[in-house]
Amino acid sequence: MRRSRVVAVLAAGGFAVAGCSAPGPAEVTFYADGHTITAAPIGNCDIKSGVCAANPGATGKLKVRPGRSVQISVPKEIAETPWKVTVQFVNSKGEPQPLKEEIITSRDRYAYTATPPAKDDQIVVVEIAQASVISRTGDPNDAEAVTTALWSLQVQPA
């Protein structure tokens, strides 16, 4: 009986330690046609350390009918930084249409709705890019936006 208590205490301690680990990268939520998924970044970089990680398997996938919108929800970690939405479409003949891009800098916007330009157009890819503003010289006039994380949704026609 004593051994089972020791094992139980060790197991509980392991769960407590696991609960204190640093959170993983932020996830983005995509919603369309009655379905919701969350996606981790397919790539992210730590500006301070210069360490980058790729995770192409994190690409989200949703079935969406032509003409339907995709709603995007980002957490605080993204909303409070500059972020960009890029949407790729095809028309009813399957021909690529011009990209739609919007840069969001308000630092308080948590959602975006990607809407096809025409009722028969199909969204095929939605990407969210998070940016950090850095200066290599320390001069604010030399600052530039650098993508530090990227999330991707691949749309499968429904």
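The torsion about the S-S bond of C45 and C52 is about 115°, so the disulfide is right-handed. A disulfide here is a pair of cysteine sulfur atoms within 2.5 Å. C45 and C52 are joined with an S to S distance of 2.0 Å, and the structure holds 1 disulfide. C45 is partly exposed at a relative accessible area of 31%, and C52 is partly exposed at 49%. Buried means under 20% relative accessible area, exposed over 50%, and partly exposed in between (1.4 Å probe, protein chains only). In general terms, a disulfide is a covalent bond between the sulfur atoms of two cysteines.

This is a predicted model, in which local features need pLDDT of at least 70 and side-chain atom pairs count only at pLDDT 80 or more, while totals for chains, interfaces and linings use all residues. Residues are numbered from 1 along each chain as its sequence is written, and side-chain values use heavy atoms, with hydrogens and water left out.

## Overall make-up

The chain has 2 helices and 11 strands. Helices (H or I, at least four residues) and strands (E, at least two) are DSSP runs, numbered from the N terminus. Read from the N terminus, the order of elements is α-β-β-β-β-β-β-α-β-β-β-β-β.

Of the 158 residues in the chain, 30% are buried. The chain exposes about 9,900 Å², and carbon and sulfur atoms supply 55% of that area; accessible areas come from the Shrake-Rupley method with a 1.4 Å probe, and for residues only the protein chains shown count as cover. Contact means heavy atoms within 4.5 Å. Among contacts between residues at least 6 apart in sequence, 63% join residues at least 24 apart.

## Strand pairing

Two strands pair if DSSP finds at least two bridges between them.

| Strands | Sense | Bridges |
|---|---|---|
| β1 (residues 28-32) and β6 | antiparallel | 3 bridges |
| β6 and β9 (residues 111-114) | antiparallel | 4 bridges |
| β7 (residues 83-90) and β10 | antiparallel | 8 bridges |
| β10 and β11 (residues 144-157) | antiparallel | 10 bridges |

Strand β6 pairs with β1 and with β9. T29 stands opposite S73 in β6, and V70 has A114 in β9 as its bridge partner. Strand β10 is joined to β7 and to β11. V87 stands opposite V126 in β10, and the bridge partner of Q130 in β11 is A149.

Strand β6 (residues 70-73) has a covered face made of V70 and I72, and an uncovered one made of Q71 and S73. In a regular strand the side chains alternate between the two faces of the sheet.

The largest nonpolar core has 27 residues, and F30, V70, I72, V85, V126 and I128 touch the most other members. A nonpolar core is a set of buried Ala, Val, Leu, Ile, Met, Phe, Trp, Tyr and Cys residues joined through side-chain atoms within 4.5 Å. Beyond its neighbours within four places in sequence, I72 is in contact with V28, T29, F30, V85, Y110, A111, Y112, V126 and I128. In soluble globular proteins, nonpolar side chains tend to be buried together.

Q122 belongs to strand β10 (residues 122-134). Q122 is buried, with a relative accessible area of 6%. A polar atom of the Q122 side chain lies 3.0 Å from the backbone oxygen of V64. This is a polar contact, a pair of N or O atoms within 3.5 Å; within protein, one must be able to donate a hydrogen and the other to accept it, and residues adjacent in sequence count only if both atoms are side-chain atoms.

T59 sits in the loop between β4 (52-54) and β5 (60-64). The side chain of T59 reaches the backbone oxygen of P56 at 3.1 Å. With neighbours within four places in sequence set aside, T59 is in contact with I42, S152 and Q154.

## Positive phi values

Most residues other than glycine have a negative phi, and most peptide bonds are trans. D33 has a positive phi of about 50° although it is not a glycine. D33 lies in the loop between β1 and β2 (35-39) and counts as partly exposed at 22% relative accessibility. R107, also a residue other than glycine, has a positive phi near 65°. R107 is in the loop between β8 (100-104) and β9, and is partly exposed with a relative accessible area of 47%.
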